[in-house]
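Please look through the model below with its helices and charged side chains in mind. The paragraphs that follow move from one region to the next.

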Amino acid sequence: MNLEIILSMAGGLGLFLFGMRVMSDSIEKVAGAKLRQILEQLTTNRFTGILVGIIFTAIIQSSSACTVMVVSFVNSGLMNLYQAAGVIFGANIGTTVTSLLVSFRLEKIAPIILLTGVILVMSCKKQRVMKVAEVIIGFGILFMGLGSMSSAMSGMKDSQAVLDLFASLQTPILAVLLGTVLTAIIQSSSVTVSIMVLMANQGLLGLDMCMFIILGCNIGACTSALLASLTGKKDAKRAASLHLIFNVIGTVIVYIIFRLGVSQVVDILSRIAYQDAGRTVAYAHIAIKLFQVIIMSPFIGGIVKLTYTLVPGDDKKIGYRDSHQLKYIGEKVVFNPATAVVEVIKELDRVASLAYENLNRAMNALITLDEESIQEVYEVEENIDFLSHAISDYLVKINQATLPIEDLRSIGALFHVVNDIERIGDHAENIADAAKVRLDTGVDFSKDAQAELGLMLDMVNTLLRFSIEMFVKSSDEHEEDIRNLEDAIDEKEKELQQKHLNRLTNNECTPEAGVLFSDIISGLERVADHASNIAFATAALDT
């Protein structure tokens with residue numbers, strides 16, 4: 001085998017892997033947010049979960065990407081292990097689409113596909129169209145690489161050394177091990193099986209051995225999810241273990257069947273494929289995955305329970321009030337571009353709840369003059385500042401990642417939400433400062449002033465609750481209520497300022513108390529403005 005064949009093979013493999021990556025990444029950018037919503041909403045039972053897993057993986061052409069996304073969903077609490085099991089089972093079927101496409105030898109029209117994508121990129125400036133064009137380019141590059149590898153393999157047939165090497169591969173266990181190692185290195189069972197399709201077409205690899213290599217690919221495909229789960233929570237590790245258990249048990253069962261009569265299986269599949277060797281391999285890939293899912297689906301509950309044995313114990317619980325600890329994002333959490341923004345929103349919900357609670361703690365301390373409460377306001381505000389800065393840093397980081405288009409657009413809005421939450425925390429701190437002044441100087445508020453502050457706080461609290469809910473759920477359920485409440489709070493502030501002036505004029509309160517009262521109701525009105533900003537940040541997320 002000469003150097004030219006080796007270089008052609010290496011270049012073809014490089015193009016194939018690059019095309020697969022471009023196509024998969026571009027599809028996630030174009031449809032990642034929609035696919036994520038489908039994963040969230042349509043995985044309520046194992047059967048819909050399997051169907052979603054099939055469709056999802058068939059679209060993005062990567063069971064590894066689908067499984068890693070599922071692991072990150074489980075890690076962030078958006079999906080439980082039973083839901084994850086269905087999607088993972090379906091992903092194992094969906095991943096067979098790539099090898100099936102390869103078996104149809106589309107490399108002959110690859111130049112046309114590639115040219116179409118390039119023309120679209122050069123002629124259109126719309127971001128979504130350009131991403132679709134990138135999908136087409138990736139598809140074209142993938143099959144250009146296949147064409148190069150196929151040509152190189154046709155030259156290998158003349159090399160006795162190569163033929164002897166493949167002929168020596170007669171041990172089924174060795175074939176399974178080879179499939180496992182290759183797939184673990186490449187991190188894609190689709191790629192490994194596609195290469196086998198080409199080798200079978202060129203007569204370099206016997207069909208019997210291809211069956212056993214496919215079994216090894218099943219196990220090697222677990223590598224991506226296992227690696228992704230290493231930094232995750234216990235449930236993320238269990239989801240990755242579930243994928244491994246499914247593939248190992250399924251592989252053992254099919255291995256036993258193949259040892260009893262792999263030739264008969266090959267004969268049946270060859271007749272279905274009209275004696276096309278490459279298509280026989282692709283059909284075998286589909287048949288193995290379907291068989292494994294069918295026989296394993298009734299035991300999903302048992303497999304999930306087994307993951308708790310393999311990964312025992314519980315995670316250290318991080319409450320929403322725990323200081324200086326991120327819960328849903330950061331270095332100790334599974335990162336996946338398709339779920340990154342969802343996890344940021346969950347973290348912001350947690351910090352917003354802290355700010356809401358701290359505002360009420362500060363208002364309570366203003367009236368009761370409890371020193372411990374005043375000090376706690378300062379401590380919680382320090383935590384809010386830390387979390388806000390950590391979230392901002394994380395947003396900067398993921399802004400440079402391959403995010404879905406819809407999520408990429410939302411980053412700017414999320415920065416504003418972080419700022420608004422931090423400012424609400426600052427206003428709570430200002431109120432604590434006012435409480436400290438009252439405590440140190442003996443300034444007193446009249447009963448009327450206290451009642452007015454309570455009334456305005458109730459209005460602001462309602463607006464805050466509605467706003468946080470609207471932002472987190474991306475729902476317009478309270479949109480009209482929020483607009484009306486914000487207007488009412490603006491009017492209430494003017495009304496209370498006037499009443500405050502009247503009390504000053506009638507000598508019913510001291511100037512010192514009047515200044516504090518005026519600052520506090522102005523601060524509460526600004527909190528309402530920030531709350532409204534948070535609510536309508538969802539408009540940016542939906543565009």
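Is Glu-479 buried, partly exposed or exposed? With a relative accessible area of 27%, Glu-479 is partly exposed, where buried means under 20% relative accessible area, exposed over 50% and partly exposed in between, with a 1.4 Å probe and protein chains only. The model is predicted, so local features need pLDDT of at least 70 and side-chain atom pairs count only at pLDDT 80 or more, while totals for chains, interfaces and linings use all residues. Residues are numbered from 1 along each chain as its sequence is written, and side-chain values use heavy atoms, with hydrogens and water left out.

The side chain of Glu-479 meets that of Arg-483 in a salt bridge, at 3.1 Å from N to O; the term stands for a side-chain nitrogen of Lys or Arg within 4 Å of a carboxyl oxygen of Asp or Glu. Both residues belong to helix α20 (residues 479-505), and because they are 4 residues apart they are separated by about one helical turn. Helices here are DSSP runs of H or I with at least four residues, numbered from the N terminus. An α-helix has 3.6 residues a turn, so residues three or four places apart point the same way. In helix α19 (residues 447-473), Lys-473 and Glu-469 are likewise 4 residues apart, and they form a salt bridge whose closest N and O atoms are 3.6 Å apart. Lys-473 is exposed at 57% relative accessibility, whereas Glu-469 is partly exposed at 26%.

Another salt bridge joins Glu-376 and Arg-361, with the closest N and O atoms 3.6 Å apart. Because Glu-376 lies in helix α17 (residues 371-398) and Arg-361 in helix α16 (residues 337-368), the pair ties together parts that are 15 residues apart in sequence. Arg-361 counts as buried at 10% relative accessibility, while Glu-376 is partly exposed at 26%. Glu-357 is linked with Arg-361 and Glu-376 in a network of salt bridges, and the whole structure holds 13 salt bridges.

Burial also marks helix α3 (residues 63-75), where 13 of the 13 residues are buried, so the helix is largely enclosed by the rest of the structure. Thr-251, in helix α13 (residues 234-272), is buried as well, with a relative accessible area of 5%. The side chain of Thr-251 reaches the backbone oxygen of Asn-247 at 2.6 Å and that of Leu-215 at 3.4 Å.

Note on methods: Helix = DSSP H or I, 4+ residues; strand = E, 2+ residues; numbered from the N terminus. Polar contact = N/O pair within 3.5 Å; in protein donor to acceptor, adjacent residues only side chain to side chain. Expected span 1.5 Å × (residues − 1).
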